[in-house]
Amino acid sequence: MSAIEAKRAAEAVARRSYGKLVAFLASRTHDVAAAEDALSDAFAAALVDWPVNGLPQSPEAWLVAVARRRMTDALRRGRTRADALDHLRLVAEELEAVNETEVPDRRLALMFACAHPAIDAGIRAPLILQTILGFDAAAIASAFLVSPATMGQRLVRAKTKIRQARIPFRLPEPSEFAERLDAVLAAIYAAFAEGWTDALGTETRRRDLAEEAIWLGRLVVSLLPDQPEALGLLSLMLYAEARRPARRGAAGDYVPLAEQDPSLWDAHLIDEAETLLRQASTAGPTGRYQLEAALHHDGEPAPDDGNALAGLADDRGAAVITDVTYRDDAHAFAKLEGLLRSKGQWLSPKPWLLTFLRGTDAEHVAGGILEELSAEDIGPFGRITCYPMRTGGSRTPLVRLPDQAVAFPFNLIRIPAAADPARMALMIAQNRAFYDRIRGAGGVQYPVGACPMSLDDWKDHFGSKWPLLRDARQRYDPDDLLTPGYNLF
Amino acid sequence: MKYMLLIYGNEQSEQSAGKEADGRMMAAHMAYGEAMRKAGVMVGGERLQATKAATTVRAVNGQTKVLDGPYAETKEQLGGFYMIDVPDLDSALSWASRCPSANYGVIEVRPVWAM
């Protein structure tokens, strides 16, 4: 066997078995980092040994045997005597249980440990990508648009938590199985979504991430073939993946499902997604992934609404509420910044218009404005948001809201691709015209944006609150340092 | 594996809840401690006096500084603890969730450093 063949063989084993070997090596000691180190030593040893002695009969067992020696060596060196003996006993007990050729598959247990509620939700997907697939921190960092150092630290911290807090490597109790499986599925879906947000579909690294998430989805389905939500998630990812080639136009603009060219879809993947969804719907209760997958179904025959809705209830207690940590929330913006910088658009002007519409007029007013906007006016990374909110919940003293119980924030988050000054001037004038129309219909603006305003406009906007703002400004900002350019005073 | 269950709650609302409520809470903790002993996981546990009885000591450049009051002034205070010995975090979390005080405050679960 040549060195190149040995490298290929090692890569093939890594691809197929990396997570299995990490899961097995770490399952008793809970020391994922030590297992990964030992395994990477074992792969390095394989590249030296296999060209000379040929491919072992069971490459997995060979790698486990070498990794085991590395782990025991490391334990002897690095720990106090009593502690090392304890760990050595655990390692030995575990390894005696392996027969010559078969390494038990504990990947599912490892995934449950990585997605344990005691692990920060934002690091679960990266942790699974690393421990199950062997991604290095730099590759994960670039896919998640954070710095390699930050990602590396967060991964180390999570692995330390698994070891120190002794997070178990086993399937959860039946009473909490559904909830804990949901955390595993959410982490896989997060990896998929991360690969999916590649706006132009041109960044190979991120597209790969979506493919790896599908691989993980297949793995979970193969290990838990009767879990309807696992089937639902795989179905959902395959539906989306099948339509990847059709979701962007030639200019990188978003193409809605109804306008996509079906000849660009991958019919084979769609078939598989349909089959999985059918299987899921008969396997047990309907959950969010099945519902989301079902949105993609547009085959014949059309679904029977009565049948589809049977058994579904407006159960507020079952609402899926995804908590994000403050860090994730802050990073959400850092991601957009990274994306815009990479496209050279970060420093271009962004003439936003943020407004609130009266609930009763929202559809009419927003609809009229949407008709006048082109994709270019918003840009490939911009967006328009419009959603209902209760005005009674606002406790911010100076924010003006329409005089109705329900208002609709209506925001033009323009991120135009070109920074042409003449075009910008037109957009700003357009913002002002939209604002006048909105104000005429009882709407107000959220005063952060690019909409030319005069002092009288502001007085009118703040109404009875104007003296409060003016006095506050005289007291706290007598030198006029804040809000330059808004013509506020 | 040993874990410390640190019980944090709002002292003021506990005190204003009255004697009867305090008695019920004590009884619930007795039953909880008994369940832990029966399961063979209990290592120890104590209820602490209120933080107004606390004194904070710090040694700065060899000088002892003593201050009246608890270390951290927070909305919730450390009111007691249990030490348990269980196989893994899930078992520790399961015991913590059954602690009577979990209904009124929070239980922080901390693995104990293995020497």
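User: What makes chain A and chain B count as touching, and how many residues are involved?
Analyst: Seven residues of chain A are in contact with six of chain B. Contact here means that two C-beta atoms, placed from the backbone, lie within 7 Å. This is a predicted model: local features need pLDDT of at least 70 and side-chain atom pairs pLDDT 80 or more, while totals for chains, interfaces and linings use all residues. Residues are numbered from 1 along each chain as its sequence is written, with chains lettered from A and ligands numbered from 1 in the order written.

User: Why is α11(A) called roughly parallel to α13(A)?
Analyst: The axes of α11 (residues 228–242) and α13 (residues 288–296), both of chain A, come within 8 Å and cross at roughly 30 degrees. Angles under 35 degrees count as roughly parallel, so α11(A) and α13(A) get that label. The axes are lines fitted to C-alpha atoms over the stretch in contact, with angles from 0 to 180 degrees between N-to-C directions. Helices are DSSP runs (H or I, at least four residues).

User: Which residues make that contact?
Analyst: Among them are A:L233, A:L236 and A:Y239 of α11(A), and A:Y289 and A:A293 of α13(A).

User: What makes a set of residues a nonpolar core?
Analyst: Buried Ala, Val, Leu, Ile, Met, Phe, Trp, Tyr and Cys residues joined through C-beta atoms within 7 Å; buried means 20 or more other C-beta atoms within 10 Å of a residue's own. The largest has 102 residues, and A:L25 is one of those with the most contacts inside it. Leaving out residues up to four places away in sequence, A:L25 touches A:A35, A:A38, A:L39, A:V64, A:A67 and A:M71. A second, separate core of 16 residues includes A:F356 and A:C451.

Technical notes:
Helix = DSSP H or I, 4+ residues; strand = E, 2+ residues; numbered from the N terminus. Parallel < 35°, antiparallel > 145°, perpendicular 65-115°, else oblique. Buried ≥ 20, exposed ≤ 12 C-beta atoms within 10 Å, placed from the backbone.
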